[in-house]
Amino acid sequence: MVVELDESTGIAVLKMKNPPVNTLSLELLTEFSISLEKLENDRGCRGLILTSAATKIFSAGLDINEMCGKSMEHYAEFWRALQEMWLKLYNSSMVTIAAINGTSPAGGCLMAMSCDFRIMAENPKYSIGLNETQLGIVAPFWFKDTMVNTIGNRATERSLQLGLLYSAPEAYKIGLVDQLVPEENIQSAAATVATQWLTIPDHARQITKSMMRKPTVDRLLTHRESDIQNFVSFITKDSIQKSLRMYIEMLK
Amino acid sequence: MVVELDESTGIAVLKMKNPPVNTLSLELLTEFSISLEKLENDRGCRGLILTSAATKIFSAGLDINEMCGKSMEHYAEFWRALQEMWLKLYNSSMVTIAAINGTSPAGGCLMAMSCDFRIMAENPKYSIGLNETQLGIVAPFWFKDTMVNTIGNRATERSLQLGLLYSAPEAYKIGLVDQLVPEENIQSAAATVATQWLTIPDHARQITKSMMRKPTVDRLLTHRESDIQNFVSFITKDSIQKSLRMYIEMLK
Amino acid sequence: MVVELDESTGIAVLKMKNPPVNTLSLELLTEFSISLEKLENDRGCRGLILTSAATKIFSAGLDINEMCGKSMEHYAEFWRALQEMWLKLYNSSMVTIAAINGTSPAGGCLMAMSCDFRIMAENPKYSIGLNETQLGIVAPFWFKDTMVNTIGNRATERSLQLGLLYSAPEAYKIGLVDQLVPEENIQSAAATVATQWLTIPDHARQITKSMMRKPTVDRLLTHRESDIQNFVSFITKDSIQKSLRMYIEMLK
């Protein structure tokens with residue numbers, strides 16, 4: 001991760017950098033949570049822009065290599081790191097703006113949805129969505145909750161059942177992203193939006209954000225261990241491991 | 001009911017046939033639940049298209065004759081059969097597509113809303129909605145829950161209070177139906193959509209669907225008996241029985 | 001408050017009159033609750049149009065003078081009166097139509113959102129919204145719940161965090177108001193809508209309304225005392241009192 005804090009504005013830019021496609025590996029997730037906690041505790045930092053150091057891709061989602069051929073302990077550790085990242089991001093007291101400068105499936109979409117505001121490059125080749133079912137897997141309940149909070153129940157139901165990936169214009173139309181801008185302007189547009197949000201007194205904004213998001217956060221906290229166990233018992237199935245191995249071969 | 005399973009596609013077409021207007025009688029509801037259970041247990045069947053054998057009407061909703069001049073036991077049996085139909089349809093592990101080829105008030109609208117996807121003939125004379133209050137009665141909470149899940153809280157509140165029936169174009173605009181097609185194409189359009197949905201691996205799709213719908217299903221299961229008692233005590237009121245008798249006379 | 005009941009239609013018009021900007025003072029809130037209860041118990045009254053006797057302003061929201069330099073007992077009494085107003089209005093068995101003939105921030109927006117239907121003068125200078133965070137304060141959870149019920153979760157989250165005030169056309173676009181009419185027609189339009197809603201049998205409409213709104217009402221009833229304590233401990237903070245004093249000076 002590349003983290004740059006502009007002390008004059010109080011806005012940090014956090015660029016995911018895990019070539020070639022910014023998969024969410026255990027290492028990236030852990031580093032992300034540490035970076036976020038540092039910024040959270042830095043009184044000079046009030047806003048965060050989350051974006052990608054790559055071109056054409058925001059994040060490809062979970063790293064399949066972390067889910068294949070490893071121990072049960074590894075799977076549990078990986079899933080806990082994913083939960084931790086989400087808890088920190090969704091619940092952040094900072095203003096969080098996603099500058100989605102490329103395609104963003106599955107876990108990448110989750111990260112974007114967990115910010116306060118989503119700006120996407122208006123490139124119709126870029127897509128975003130929770131496409132888990134297309135791969136034969138299932139988005140966990142807190143991915144679902146985050147999407148329901150963003151686009152409502154019906155759009156989520158259809159979206160999740162079909163594993164839909166939306167082009168940037170489609171994503172804007174259904175409210176999955178809040179703003180489209182020309183690709184070359186996305187970082188400046190994100191800075192402009194962050195600056196606007198930061199005109200609101202922090203204390204009032206933070207209490208309000210927490211009031212909106214706490215029930216969803218609490219739901220994962222309550223079911224955190226069973227969610228890990230669900231993941232581990234699912235991913236260790238022979239049929240799933242076989243599918244993942246084939247998928248990894250295909251990607252090579 | 002006419003049930004035809006195309007074994008090559010795994011898609012069954014279930015046509016309601018209770019002339020002249022496909023009212024949901026105790027017999028039709030019971031037959032519906034039995035048909036659905038059979039298809040559910042048939043491993044060759046993965047998708048269901050629900051439509052009407054009549055022209056101009058999908059279903060006129062609950063059969064008023066089942067609610068007038070009968071015993072309390074009959075009313076309770078009727079209501080339980082209605083609940084059972086909904087539980088089986090809303091919770092079906094199959095892909096369920098409503099091909100709404102005519103007007104669909106009240107219970108007819110409930111059946112359509114309980115499918116995964118709704119295609120309606122783009123005939124502006126056809127209407128759909130939960131119009132119970134127009135008749136002086138009240139949609140039960142699980143009709144309401146199903147509508148909130150489909151079109152959201154505010155649209156449901158207005159819709160239910162006023163007992164609104166929406167023309168096909170209006171229904172599309174508010175998201176009560178997902179697609180409009182020329183009347184003559186509705187069956188082929190439904191088959192096309194069902195085929196698309198069936199490209200998603202069954203297991204992942206079914207778990208996802210259940211994750212979305214289980215809380216709503218569980219709510220009726222928890223309150224099932226009190227819901228029956230509510231209906232029976234409401235429908236046996238003298239004033240309601242009188243209204244229903246007058247309404248039946250008027251229909252004759 | 002000016003209350004006029006048209007006995008021929010059963011529709012009362014309730015005009016807020018607290019010059020110059022209809023702030024919700026303890027006196028106005030108390031009078032409002034008493035008026036509402038009287039109308040509720042008057043069998044000749046079935047509908048209510050809520051509007052403003054002022055020009056250009058519907059209501060400026062809570063009276064800051066009630067929140068500054070007073071005793072803890074006063075703050076508690078004031079907040080309880082606000083809760084009582086909302087409980088009576090949101091839960092009213094009458095058809096309630098807001099005729100929003102001017103700007104309507106904060107508490108004014110709450111009153112409008114608590115009606116069954118909102119008509120706003122299509123004057124782009126008039127605005128409406130829960131702008132609390134702009135003033136460094138926080139909308140309580142039941143303001144938030146009422147807004148979520150009206151415009152959904154995502155629009156509410158953005159709206160509350162930023163303290164957005166929407167112009168009349170914007171408010172219509174996001175569903176915060178249901179209808180825009182030329183300013184001179186707003187009272188007649190409200191009467192027309194009220195008359196339409198009153199064609200629905202009262203009993204069925206009232207049970208339906210209660211089914212939709214009871215969970216939200218119950219939530220405040222359950223947390224009513226802690227909500228009062230939250231308000232009192234917040235408003236008595238030195239920093240908040242200081243801000244309010246400065247704000248009052250500025251208004252002078």
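Mentor: This is a predicted model, and we can begin with its copies. Two copies of a chain are related by a rotation about an axis and a shift along it.

Trainee: Is B:Thr150 buried or exposed, and with which residues is it in contact, leaving aside its neighbours within four places in sequence?

Mentor: B:Thr150, which has its place in helix H4 (residues 141-151) of chain B, has a relative accessible area of 9%, and because buried means under 20%, B:Thr150 counts as buried. Apart from those sequence neighbours, its contacts are B:Met113, B:Arg118, B:Gly175 and B:Leu176, together with A:Arg154 from chain A.

Trainee: How should I read the pattern of burial along a helix?

Mentor: An α-helix has 3.6 residues a turn, so residues three or four places apart point the same way. In helix H9 of chain C, the buried residues are C:Arg224, C:Asp227, C:Ile228, C:Phe231, C:Val232, C:Phe234 and C:Ile235. Seen down the axis of H9(C), these buried residues fall within an arc of 165°, so they line one face of the helix. The face turned away from that buried side carries C:Gln229 and C:Asn230, which are exposed. Among the elements covering the buried residues of H9(C) are helix H2 (72-90), helix H4 (141-151), helix H8 (202-222) and helix H10 (238-251) of chain C.

Trainee: What span should the 12 residues of H9(C) have?

Mentor: At 1.5 Å a residue, helix H9 (residues 224-235) of chain C should span 16 Å, and its end C-alpha atoms are 17 Å apart, which agrees.

Trainee: What is the order of the strands in the open sheet of chain A?

Mentor: The six strands follow the order E1-E2-E4-E7-E9-E12, with mixed pairing. Strand E1 (2-6) and strand E12 (179-181) of chain A stand at the edges, each with a single partner strand, so one side of each is left without a neighbour in the sheet. From one strand to the next, the twist averages 20°.

Trainee: How many bridges join E1(A) to strand E2 of chain A, and what packs on the sheet?

Mentor: Five bridges join E1(A) to strand E2 (residues 11-16) of chain A, and the two run antiparallel; A:Val2, for instance, has A:Lys15 in E2(A) as its bridge partner. Helix H1 (residues 26-41) of chain A packs on the sheet, where it touches E1, E2 and strand E4 (47-52) of chain A, and the direction of this helix makes about 175° with that of E2(A).

Definitions and conventions:
Residues are numbered from 1 along each chain as its sequence is written. Chains are lettered from A and ligands numbered from 1 in the order in which they are written. This is a predicted model: local features need pLDDT of at least 70, side-chain atom pairs count only at pLDDT 80 or more; totals for chains, interfaces and linings use all residues. Side-chain values use heavy atoms; hydrogens and water are left out. Helices (H or I, at least four residues) and strands (E, at least two) are DSSP runs, numbered from the N terminus. The expected span of a helix is 1.5 Å times one less than its number of residues. Buried means under 20% relative accessible area, exposed over 50%, partly exposed in between (1.4 Å probe, protein chains only). The arc is that of the directions from the helix axis to the C-beta atoms. Contact means heavy atoms within 4.5 Å. Two strands pair if DSSP finds at least two bridges between them. Axes are lines fitted to C-alpha atoms, for helices over the stretch in contact, and angles run from 0 to 180 degrees between N-to-C directions.
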